[in-house]
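Hi,

Here is the structure I said I would pass on.

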Amino acid sequence: MAETSTRAWMRPHDWAEVVLGVVAVLSFLWVDTDNAAMWTMIVLGALIALDGLLSLAMPGLVYGEGVQVVLGALLFISPWVMSYTDMTAAAWSAWIIGGLTLIIGAAALPVANSAHRMAGQH
């Protein structure tokens with residue numbers, strides 16, 4: 001696992017974050033949303049996917065996983081903050097995708113720290 005965690009484009013948790021971000025971006029296609037819910041999902045989903053891609057390309061960056069945790073938390077609370085809890089499918093999408101992003105980002109922190117330490121040993 002140590003070799004996988006230091007090689008670009010090889011970390012499965014970062015790929016999962018990219019997929020979750022893309023699902024959030026595209027979720028307005030299959031769930032009913034209003035303007036605020038749609039743009040919240042698009043913006044946060046795009047940021048999640050972009051940060052996942054950055055983490056894939058540069059596995060030694062530790063802050064990327066911390067950013068994922070924050071973005072996951074923001075997506076999770078967005079139905080309450082942006083007042084779209086009454087749109088059940090959109091709210092559940094945000095809660096599930098946000099929660100999974102938060103969990104994956106938190107689980108990936110030790111892997112990113114290990115990759116960062118190994119990158120510094122050149």
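Trp92 is partly exposed, with a relative accessible area of 49%. Keep in mind that this is a predicted model. Trp92 sits in helix α5 together with Trp95, 3 residues away, which is about one turn of the helix.

How exposed or buried is Trp95? With a relative accessible area of 16%, Trp95 counts as buried, because the cut-off for buried is under 20%. The rings of Trp92 and Trp95 have their centres 5.1 Å apart and their planes at 90°. Planes over 60 degrees apart count as edge-to-face, so that is what this pair is.

I also searched the whole structure for aromatic pairs, and there are 3. Trp80 is partly exposed, its relative accessible area being 49%. Taken together, the ring pairs link Phe76, Trp80, Trp92 and Trp95 into a cluster.

Now for the chain as a whole. The secondary structure amounts to 5 helices and 0 strands, so from the N terminus on the elements read α-α-α-α-α. The protein chain has 122 residues, and 41% of them count as buried. Its accessible surface is about 6,200 Å², with 73% of that belonging to carbon and sulfur atoms. As for contacts between residues at least 6 apart in sequence, 70% join residues at least 24 apart.

One more helix I looked at is α2 (residues 12–26). Its 15 residues reach 21 Å from the first C-alpha to the last, close to the 21 Å expected at 1.5 Å a residue. Which residues of α2 are buried? They are His13, Asp14, Glu17, Val18, Leu20, Gly21 and Ala24. Where do they lie around the axis? They cover an arc of only 165°, which puts them on the same side of α2.

If you open the model, I would start at the ring cluster of Phe76, Trp80, Trp92 and Trp95, then turn to the buried residues of α2, among them Val18 and Leu20.

Cheers

Definitions and conventions:
Residues are numbered from 1 along each chain as its sequence is written. This is a predicted model: local features need pLDDT of at least 70, side-chain atom pairs count only at pLDDT 80 or more; totals for chains, interfaces and linings use all residues. Side-chain values use heavy atoms; hydrogens and water are left out. Rings of Phe, Tyr and Trp (its six-membered ring) pair if their centres lie within 6.5 Å; planes under 30 degrees apart count as stacked, over 60 as edge-to-face and the rest as tilted. Buried means under 20% relative accessible area, exposed over 50%, partly exposed in between (1.4 Å probe, protein chains only). Helices (H or I, at least four residues) and strands (E, at least two) are DSSP runs, numbered from the N terminus. Contact means heavy atoms within 4.5 Å. Accessible areas come from the Shrake-Rupley method with a 1.4 Å probe; for residues, only the protein chains shown count as cover. The expected span of a helix is 1.5 Å times one less than its number of residues. The arc is that of the directions from the helix axis to the C-beta atoms.
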